[in-house]
Amino acid sequence: MAIVPYSGQVSYNDIRSQFGSPSNFNLSDAYGGTYGGLNSYSYIQPAADPQSDYSPNQWYGYVGDYIYSSNLVTVWDAWPTIGSYPGFGNNVSDVSGNNANGNLQAGTTWANIYGGYWVFDGTDDRIASNGGQAYFNFTNQISVDFWVKWDANTNINWGQGCGQGVIYNYDAPNANMWLMHGNQGNTVTWNVFNGPNASINGGTTPVLTMGQWYNIAGTADANNSAIYLNGAVVGTGPGLGGNMITNPNTVLYLGGDVRYDFRFMNGAIAAIHVYNTTLTAGQVSQNFNALRGRFGI
């Protein structure tokens, strides 16, 4: 699919001119630092199957907004350039430096397009962190953003998306920390737990179109909470009041809902960023703009 660069991107020809305008050049050449705007979040968008060399109108470079990097506590990204997942095997590395590493489970696969994304079959696939490695004492601030697409010929079922909870806890007291909770009706709700049997509802997305990529983000602090869709706020809710629930036995998960043994997702997730701070609206928009072209948005 052809992608038209938006503000903050440059085209293949802009990059190619730095190398004497050859008809093709290997992508690795462009990462050598010759073009100063390229960095670890630069990406390619091939028109067909990925290949080692890219021709005009197949490559777009990121030169605008960077991913907001302060207070990151977990970063998983399926694009091998980021260093979180190499495109094979079951190990996912947290590149935030906090060692919240994970594993592809039950045959979860990887697709080599849009930079890369993980594919969930709706039967038993999920990605989960190793033991309590993803645990972090968040106190009263948290933000999460992730890139997700449900399959075109499916619907969202309860719980699908991502979150942090104790495996197979069936919503036991103090067993969940936060959820990007899929709902029947094809919406997603942002929940953060602030009591043994209590959570705040930080808002719900509009109805999502199946088969379409979205960036969904949630923020919460003591006074306010909000949910964003593609960089824009679409719902708000109350604040946490006090601190959120923390439980070192929880795991971070993508796709299948670890709280139950039967909630699995038909779709794909490409990246997740978790913060122990409350992102501003501008920072949420910055993260969306940094990666939107990767998904043709």
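Colleague: The side chain of Asn194 reaches which backbone oxygen?

Modeller: Asn194 is partly exposed, at 26% relative accessibility. That class lies between buried (under 20% relative accessible area) and exposed (over 50%), using a 1.4 Å probe and protein chains only. Asn194 touches several residues beyond four places away in sequence, including Ser199, Asn243 and Met244. At 3.0 Å, its side chain reaches the backbone oxygen of Leu240.

Colleague: Is Val192 buried or exposed?

Modeller: Val192 is also found in strand β15. Contact means heavy atoms within 4.5 Å. By that rule Val192 touches Ile142, Met177, Trp178 and Ala220, among others. Its relative accessible area is 0%, so Val192 is buried.

Colleague: Which residues are linked in a network of salt bridges?

Modeller: A salt bridge needs a side-chain nitrogen of Lys or Arg within 4 Å of a carboxyl oxygen of Asp or Glu. Arg259 pairs with Asp257 at 2.7 Å between the closest N and O atoms, and Asp257 meets Arg263 at 3.3 Å, N to O. Asp171 meets Arg259 at 2.8 Å, N to O. The linked residues are Asp171, Asp257, Arg259 and Arg263.

Colleague: How many residues apart in sequence are the parts that Asp171 and Arg259 tie together?

Modeller: Arg259 is buried at 3% relative accessible area, whereas Asp171 is partly exposed at 33%. Asp171 lies in the loop between β13 and β14, and Arg259 in the loop between β20 (251-255) and β21 (266-275), so the pair ties together parts whose separation in sequence is 88 residues.

Colleague: Which residues make the nonpolar surface patch of about 420 Å²?

Modeller: Patch residues have over 30% relative accessible area and no salt bridge; like charges are joined within 9 Å, and nonpolar side chains (Val, Leu, Ile, Met, Phe, Trp, Tyr) within 5 Å. Areas come from the Shrake-Rupley method with a 1.4 Å probe, and for residues only the protein chains shown count as cover. One member, in the loop between β13 (161-165) and β14 (176-183), is Ile167, partly exposed at 39%. The patch is made by Ile167, Tyr168, Tyr170 and Phe262.

Colleague: What percentage of the 297 residues is buried?

Modeller: The protein has 3 helices and 21 strands. Among contacts between residues at least 6 apart in sequence, 66% join residues at least 24 apart. Buried residues make up 55%.

Colleague: Over which residues does pLDDT stay under 50, with 104 contacts beyond four places in sequence?

Modeller: pLDDT is the predictor's confidence in each residue, from 0 to 100. The protein averages 81, and 77% of the residues score at least 70. Where pLDDT is low, the predicted coordinates should not be read in detail. The stretch with those 104 contacts is residues 31-65.

Key. Residues are numbered from 1 along each chain as its sequence is written. This is a predicted model: local features need pLDDT of at least 70, side-chain atom pairs count only at pLDDT 80 or more; totals for chains, interfaces and linings use all residues. Side-chain values use heavy atoms; hydrogens and water are left out. Helices (H or I, at least four residues) and strands (E, at least two) are DSSP runs, numbered from the N terminus. A polar contact is a pair of N or O atoms within 3.5 Å; within protein, one must be able to donate a hydrogen and the other to accept it, and residues adjacent in sequence count only if both atoms are side-chain atoms.
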